Amino acid sequence: MKLASELKSRFGVLLIATVLFLAGSTCHPLNAADDSFDEVIPFRIESPFAWNRTDRYVPPDFKAFFPDDIEAGKELDLMLEGKLKVTSIDARLALIRRGLRHCSKYRTTLLGQVGNQYIWNREQQDPRAIELMYQASASDDGDIAHYALYHGPTVVKRRSANLVRMLMEQYPMLSAQMQQRIAWGMQTYGDKEQTRKLLLGLLDDFKKLDDSTVGAALETYQAVFKTEPPELNRFDEAGLWVVGFHRDDLSATHPRAAEILREMVEKILRTREASLLGFVTRVDQGHETAVALVKGYRQRALLVERLSKLTHVKIDFNQLFSARVLQELRLQEFARFLPEDAPASRLPAYTRPPVDKSYAYQAEDYVAPDFQSYFADDASAGKKLDQLYDNREKLTLTDRELLEAFRFGLRHSSYQPNIMLGWLSGALGWPRDPRLTEIFFQALDPKGPEEVRKAALYYGFGLGTAKTRNILRAIFGVYMAPPFDDTTNRNMRTRILWSVRDHADDKYFLSTLFAEALRDHEKLSDIALQQADSAYKQLTGSDPPNGEEYSARGVYILMFGDESASTIPASKQYVSKRLGDSPHILAKKHMVEKEEVSVIVLVKGTAGLNWLIKNLQTKPELPIYFAGLLTPELIGKAEHLQEFKKFLPEEPAQEK
């Protein structure tokens, strides 16, 4: 008989349980007492540590630090399952060191736990844990390296010369997010003046460093201290940089678009022609977009400064060139400028999109996505697409060929849509091909598979992506389409609203679609009505204009605690007196669990819900545990709500 806890923790229990499971045993926390310094522990992490030694630089070495020990991996699994007790911190960190390479239980979460318990936001940061994370950051496994850096070296307070150099050496290969985290960590944790000295000390030895490391140090110094380092002319020739820009008054259809953009770059660098190592153009959102590869920090700064002052010019990106940047931007033309040992690009070769092709997402009149018509019903094409995915590290296709294979094969692929659409999104990088956008758009069809439209939404139309009116209409259709169960669709609908958060025009247009649906609220079921009402309020920060017209629709359930009573009779008396004989109330239920009295009240519509919340928030205020629409899903999850089935609509209204 746990109705109270079922509702109180409806969304919380599963999350908490998952976190505890992923983090390991709740019976044996990672931060156990360190009382075994005299114990003989194999592979104990001891000084001198590579990350803070002062006699020489020791870069991280994952394979040398973490032994290839299969049995230790099994022991680490047992510890995480709570089946092996390891009492001291020394022994635990040593077991993580020995077993990490062959641990099968959430290695990334384990590293996050190490960072959270011993490093991040800790008054005394454990140098042994820092060493473990320092070494793990060099893993060939991208997830392990990411989590180790994120929870370890980026948030160390007492930085060392070795740690700063390691961060700068890894910087060119890191994502933009991780590069920003390095700068954020230096701004947030530790003595900034000490960090300044360490970065300047590294730059003083710039002749011993490769260009990429010097460029990383220059970028990081500027990001942390909002100024350039002294004696900047030392670095005039340091680094390779990619600068992307376009003119908003220059369409990709202009016959001389690429030539005009190149002339602009050459004019700025006219006395430094040798610094322009490469120049290409791409079509991005209808604009001819230039990408210049420039040698030297000074030339890059000059180019960006001059371009920024020109009317109609927008800088699209400005970053240190690396193998990662080449991959993300698909700049295979510049591959010859990478170091010989740099990883080769495995992304499809760029091809210009056709200029005369029309797409539904760009049409003047709304053309709804149509999954069945757009994606071919071809089993053999599905097998071919799976083969391409299986051999994705050896692709020799152009983006045009891959897009065609995807359109023909998606319906019969044996892989989950989330995997395939995620792969396609990452494989094509920048710029966003209109053919790719069309695939994502057609995949939004509410009549198509639910998992397809969820993946298309996630990978195709997140925050920062350009959205036409037709795209906004399509994601509105996804928002308003069943199923409405919270477990699978809460995040999807949240993501739709989040995707327009920073775009006022998109927010306004999307809100008008919800307002239009609410004007015809008779065509909506109670749950669809509630979804539209909630979306409008989140987008606009105000109530819908016709909210009163449907304020009595739907049955809402609210659960609160009655701290004034310890028995059900006493609670009934108090609640009856407090709420009175209101016409909003449909039913009440009182129960006791763990000597606490809780009350469930069913009310009519949002009008009743708002009235009840206001009543409970007046003094003496009563704690509200849960409030929401009464749905079959909710009744199915809490066994003692079965008596409220009679308040559900007998037949759901037809969806719009």
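Let's start at one residue, Asp 445. Leaving out residues up to four places away in sequence, Asp 445 touches Pro 369, Asp 370, Phe 371 and Arg 453. Keep in mind that this is a predicted model.

Where does Asp 445 sit? In the loop between helix H20, residues 434-442, and helix H21, residues 450-460. Is Asp 445 buried or exposed? Its relative accessibility is 1%. Buried means under 20%, so Asp 445 counts as buried. What does its side chain reach? The backbone nitrogen of Phe 371, at 2.9 Å. Phe 371 is also one of the residues that Asp 445 touches.

Next, a helix pair. Two packed helices are described by the angle between their axes and the distance between the axes. Take helix H24, residues 504-519, and helix H25, residues 526-540. Their axes come within 9 Å. They cross at roughly 150°. The crossing of H24 and H25 is left-handed.

Who meets whom? From H24 we have Lys 507, Leu 510, Ser 511, Phe 514, Ala 515 and Leu 518. From H25 they meet Leu 529, Ala 532, Asp 533, Ala 535, Tyr 536, Leu 539 and Thr 540. By class, this contact of H24 with H25 has 9 nonpolar residues, 2 polar and 2 charged.

Strand S5, residues 555-561, pairs with strand S7, residues 596-604. That antiparallel pairing runs over 7 bridges. For a landmark, find Val 555: it stands opposite Lys 604 in S7.

Finally, step back to the whole protein. Its secondary structure comes to 28 helices and 8 strands. The C-alpha atoms fill a box of roughly 85 × 75 × 50 Å, taken along the principal axes. Of the 656 residues, 51% are buried. Asp 445, where we began, counts as buried.

One last number, on contacts. Take those between residues at least 6 apart in sequence. Of these, 72% join residues at least 24 apart.

Key. Residues are numbered from 1 along each chain as its sequence is written. This is a predicted model: local features need pLDDT of at least 70, side-chain atom pairs count only at pLDDT 80 or more; totals for chains, interfaces and linings use all residues. Side-chain values use heavy atoms; hydrogens and water are left out. Helices (H or I, at least four residues) and strands (E, at least two) are DSSP runs, numbered from the N terminus. Buried means under 20% relative accessible area, exposed over 50%, partly exposed in between (1.4 Å probe, protein chains only). A polar contact is a pair of N or O atoms within 3.5 Å; within protein, one must be able to donate a hydrogen and the other to accept it, and residues adjacent in sequence count only if both atoms are side-chain atoms. Contact means heavy atoms within 4.5 Å. Axes are lines fitted to C-alpha atoms, for helices over the stretch in contact, and angles run from 0 to 180 degrees between N-to-C directions. A crossing is left-handed if the near helix is turned anticlockwise from the far one by less than a right angle, and right-handed if clockwise. Ala, Val, Leu, Ile, Met, Phe, Trp, Tyr, Cys and Pro count as nonpolar, Asp, Glu, Lys and Arg as charged, and the others, Gly among them, as polar. Two strands pair if DSSP finds at least two bridges between them.
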